Amino acid sequence: MNEEQRDLLLSSSSRFPPPQGVRLSYGTAGFREDAWVLLSTVYRVGILAALRALKTGGVIGLMITASHNKVSDNGVKIADPSGGMLTQEWEPFAEALANVSSSQEIVRLINDFAEKENIILNGAKSARILVARDTRPSGEELLDAAKHGIGSINGAVAHDMGVLTTPQLHWMVHTQNKGMRASEFDYFYSLSESFRDLYLNSNNGELNDWDNQLVVDGANGVGGLKLKLLKEMLKGVSIEIRNSGNEEGILNEGVGADYVQKEKIVPRGFGSQDVGIRCASFDGDADRLIYFTVPSKSSNKINLVDGDKILSLFAIFIKEQLTILAGRDKDKIEFEPRLGVVQTAYANGASTRYLKELGLEVVFTPTGVKYLHEKAAEYDIGIYFEANGHGTILFSDYFDGRIFPIHNQLYSVAKDSEEESAARRLLAVSKLVNQAVGDALSGLLLVEAILRYKNWSIHKWSELYQDLPSRQLKVKVVDRTAVEMTNAETEVVKPPGIQEAINSEIAKYPQGRCFIRPSGTEDVIRVYAEASTQEGADNLASSVAKVVDQFLGVGSSKQADQ
């Protein structure tokens with residue numbers, strides 16, 4: 001590090017002193033905290049983004065968002081050149097940089113890390129960072145801090161993309177690093193055109209069960225605003241947007257995918273007028289999507305169609321198209337992509353059993369999108385979703401390299417054949433989904449296109465399988481790090497004896513399944529239980545919570561619904 005760079009860092013970092021008594025951890029969602037404590041952190045993540053851009057030589061993204069959190073919170077995270085999350089190898093440095101206490105220590109830490117990573121800090125190499133924010137009131141001030149952080153590294157330039165959904169920024173980073181145009185218009189155009197190809201390429205004549213009426217809860221966030229713009233480019237589907245962000249409602253308060261999925265009640269702005277209608281909810285930054293219906297006028301309860309069933313719908317459709325393609329002349333066209341489905345232990349057991357009965361390969365990872373995404377990338381077509389509605393579909397280079405020539409060959413000799421149509425549908429799906437990250441906008445369009453193709457109502461979709469009743473609890477413990485997990489976080493290795501005790505409780509309940517998992521942010525252990533009845537699930541969760549308390553607790557079984 002030369003003297004000019006050192007002076008620049010010392011000068012700029014002194015403007016953003018860290019809050020006292022706060023220690024932050026970089027997780028799947030980046031840094032999250034009350035907005036008022038984040039100025040220093042976001043400034044330093046700007047530095048992190050600049051260093052990452054210099055290291056990789058690619059465009060990096062920096063997003064200011066706290067997704068489904070309350071409006072007073074905010075956060076910041078990095079998008080790598082792939083459009084995915086910051087590589088795990090850099091997370092320890094991210095945490096060290098966020099928590100270092102003085103400007104001098106910042107300079108030392110950056111200098112040591114740059115030497116270790118062979119990053120040259122002389123300004124000779126340029127670095128581009130795309131920055132954006134969601135609609136939180138604190139976003140503008142925090143984004144300004146991020147720009148100062150980026151500007152404190154010689155050669156780094158921040159490109160302000162304005163107010164975006166988180167998936168839009170990830171898509172832009174991914175697309176720009178592939179050498180393609182990646183404005184917001186390009187994003188909307190890509191989605192609308194691929195949706196049109198897929199939506200209109202249906203082999204169904206009369207659409208008896210399918211109803212094109214859709215009502216979307218925008219969580220009073222950026223997703224509703226962007227759906228309004230995208231809606232103008234769509235044809236054939238009727239979308240009504242509520243909680244769009246222009247009303248008086250508060251971001252994520254009584255609205256949004258996280259609220260609807262956990263509480264299983266109608267969001268604000270929905271009610272008796274929506275009985276039987278297909279409804280969907282985004283979360284605050286539009287990277288989660290769930291569907292639901294209002295079953296009656298007399299109750300605020302909903303019938304939830306969560307991420308597990310979205311995954312199942314996508315898997316059914318893609319498997320069907322691959323089966324159709326399997327009927328082509330194999331001597332002329334060789335195409336056998338490997339299809340895989342990735343879940344976590346929080347996926348409802350009924351969904352896993354259903355997917356396996358379809359003949360699909362189902363694998364599990366630890367909880368966290370970064371683990372799901374990494375595993376899905378091992379397949380030629382990898383589908384992952386969490387029950388909370390975050391997920392996407394990934395397509396390999398093998399798929400990309402084969403599907404174009406296969407479609408072109410079929411088009412030339414058998415236009416409008418079932419095989420040619422199946423290839424065209426798969427091609428459209430690969431363009432429609434956001435392969436960088438889960439995206440409520442693209443996910444919504446894919447669901448709508450598949451339902452139309454299948455001629456399915458939401459009720460028929462919802463009846464694919466019946467969810468097993470479940471219950472989640474948490475138990476206060478002395479030290480959550482005392483728990484060590486294995487087998488995709490479904491079995492406890494330490495402390496010894498606790499897994500055997502859990503197994504003993506599970507054996508008491510028909511279709512019983514239960515696992516525990518330490519929280520990533522507080523000294524609590526989370527308990528997830530399933531059984532054939534709700535009473536059984538409740539009792540199993542309670543009994544396992546008592547086991548946890550006996551082994552790890554602070555003296556009494558302190559439980560609370562998560």
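**Notebook: a sheet, a glutamine, a helix**

I started with strand 2 (residues 60-64) and strand 4 (residues 127-133), which pair in the parallel sense over five bridges. Two strands pair if DSSP finds at least two bridges between them. I found Met63 opposite Ala132 in strand 4.

The model is predicted: local features need pLDDT of at least 70, side-chain atom pairs count only at pLDDT 80 or more, and totals for chains, interfaces and linings use all residues. Residues are numbered from 1 along each chain as its sequence is written, and side-chain values use heavy atoms, without hydrogens and water.

Five strands form an open sheet, mixed in pairing, in the order 1-3-2-4-5. Strand 1 (31-34) and strand 5 (156-163) are the edges, each pairing on one side only.

Next I looked up Gln5, in helix 1 (residues 3-13). Gln5 counts as buried because its relative accessibility is 0%; buried means under 20% relative accessible area (1.4 Å probe, protein chains only). Its side chain reaches the backbone nitrogen of Asn154 at 3.0 Å. Beyond neighbours within four places in sequence, Gln5 is in contact (heavy atoms within 4.5 Å) with Leu121, Ser152, Ile153 and Asn154.

Last, I checked helix 14 (residues 418-432). Eleven of its 15 residues are buried, so helix 14 is largely enclosed by the rest of the structure. Among the buried ones are Glu420 and Arg425. The buried residues pack against elements including helix 7 (184-200) and strand 14 (391-395).

Key: Buried means under 20% relative accessible area, exposed over 50%, partly exposed in between (1.4 Å probe, protein chains only). Helices (H or I, at least four residues) and strands (E, at least two) are DSSP runs, numbered from the N terminus. A polar contact is a pair of N or O atoms within 3.5 Å; within protein, one must be able to donate a hydrogen and the other to accept it, and residues adjacent in sequence count only if both atoms are side-chain atoms.
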